[in-house]
Amino acid sequence: MVSQIQQAREQQRTEQPAAIVVERLTKRYKQAREETLRGISFSVAQGSFFTLLGPNGAGKTTTLSILTTLLLPTSGRVTIAGLDLVREAREVRRQIGVIFQQPGLDVHMTGEENLRFHASLFGFYPFRPAYRLMPVRYRKRVMELAALFELERDLFRPVSTYSGGMKRKLEVMRSLLQRPEILFLDEPTAGLDPHSRARLWSYLKRIRSEYGLTIFLTTHYLEEAEQADTICILHKGKIVAFGSPAEIKEALLQEYMLVDAADRERLLAELRVLGLPFSVERRVKLLVPKEQFHRTLRCITTPLTVIETYTPSLEEAYLHITDGRE
Ligand SMILES: Nc1ncnc2c1ncn2[C@@H]1O[C@H](COP(=O)(O)OP(=O)(O)OP(=O)(O)O)[C@@H](O)[C@H]1O
């Protein structure tokens with residue numbers, strides 16, 4: 001845990017300023033026997049694409065709810081855009097946009113009415129009973145976003161006529177109305193078909209480059225996490241892996257060979273002499289990287305009865321790390 005905090009501080013010192021700094025965050029729900037978050041620490045660099053990945057129940061939504069000021073932490077400290085999450089919650093809300101797992105649109109209203117009500121409710125713009133009566137800066141912002149998301153033609157139609165993908169786009173637009181610095185997305189592609197999912201990703205890429213947004217995503221889709229700058233894997237309320245997708249892959253992927261011999265004792269003695277790392281399960285498992293498979297085999301003189309090579313996929317490695325831990 002100490003190293004996580006050091007890592008968070010180190011990142012702050014050496015790279016871009018951190019958009020989010022989380023230190024020793026815990027959450028215990030009322031009447032819950034265990035903590036849902038068990039002292040997690042990490043930081044998110046400004047303008048980066050950060051993914052919180054983990055299986056059901058890992059604590060992703062809890063973390064996101066705390067970071068978006070909807071839920072109070074039990075202990076720990078969080079800074080968002082340089083503001084203290086608890087003491088300056090109101091100001092934090094102005095700096096963030098949020099897209100929740102469950103769409104929260106009123107389908108009886110038009111797309112624009114949904115935007116207008118949201119903007120007024122959160123105090124970003126004063127409420128007026130018609131779009132044309134809204135301040136010019138609101139109308140300019142809405143049209144700018146509608147153009148970006150190609151929703152101009154449908155903006156004044158009831159949301160009940162929208163497809164799932166269009167509703168998602170409207171939600172993204174709504175979250176960007178006040179020009180937030182950080183966009184939080186809780187499993188935003190759940191329920192979308194692959195086509196709409198891919199399109200949503202391309203929009204997110206565009207807004208990120210156009211507005212320099214920091215994106216904080218929670219997901220349990222590995223392929224979505226792979227597009228991130230940083231992945232943080234949460235499991236049972238603890239961080240079990242943290243780094244770039246390449247670093248995570250390297251840490252998680254363990255390539256190995258399974259070998260065996262009629263004279264197993266001779267084989268094991270030989271492996272010890274050769275100094276090769278191994279463990280004995282049903283077969284003898286040699287922990288060597290793929291590039292060394294051939295060389296390793298050439299060194300072994302004991303006649304082998306079994307030779308199998310194994311390169312797990314990222315998916316398998318992820319399942320392994322999240323299945324086998326307490
Ligand atoms: N209001 C609550 N009261 C008590 N326990 C809760 C509450 N909300 C969540 N939990 C528990 O906290 C744990 C983490 O839940 P959370 O929703 O944060 O996980 P998650 O990683 O977002 O899962 P999913 O991918 O299913 O959304 C779960 O065991 C859940 O039962």
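Helices, of at least four residues, and strands, of at least two, are DSSP runs numbered from the N terminus. By that count the protein chain of this predicted model holds 12 helices and 14 strands. The radius of gyration is 25 Å, well over the 20 Å that the globule rule gives for 326 residues, so the chain is more spread out than a compact globule. The C-alpha trace spans about 85 × 40 × 40 Å along its principal axes. Of the 326 residues, 33% are buried. Where contacts join residues at least 6 apart in sequence, 69% of them link residues at least 24 apart.

The domain assignment divides the protein chain as follows.

| Domain | Residues |
|---|---|
| domain 1 | 1–249 |
| domain 2 | 256–310 |

Taken over C-alpha atoms, the centres of domain 1 and domain 2 are separated by 48 Å.

The ligand has around it Tyr29, Ala32, Thr36, His220 and a set of residues comprising Gly54, Asn56, Gly57, Ala58, Gly59, Lys60, Thr61 and Thr62. By class, this shell contains 8 polar, 3 nonpolar and 1 charged residue.

Arg38 belongs to strand β2, which covers residues 37–45. Arg38 has 17 other C-beta atoms within 10 Å; a buried residue would need 20 or more and an exposed one 12 or fewer, so Arg38 counts as partly exposed. Leaving aside residues up to four places away in sequence, Arg38 touches Thr26, Gly237 and Lys238. Lys27 lies 11 residues from Arg38 along the chain, and their C-alpha atoms are 7.0 Å apart.

How values were computed. Residues are numbered from 1 along each chain as its sequence is written. This is a predicted model: local features need pLDDT of at least 70, side-chain atom pairs count only at pLDDT 80 or more; totals for chains, interfaces and linings use all residues. A residue is near a molecule or strand if its C-beta atom, placed from the backbone, lies within 6 Å of it. Ala, Val, Leu, Ile, Met, Phe, Trp, Tyr, Cys and Pro count as nonpolar, Asp, Glu, Lys and Arg as charged, and the others, Gly among them, as polar. Domain bounds come from an automatic or database domain assignment. Two residues are in contact if their C-beta atoms, placed from the backbone, lie within 7 Å. The radius of gyration is taken over C-alpha atoms; the globule rule is 2.2 Å times the number of residues to the power 0.38.
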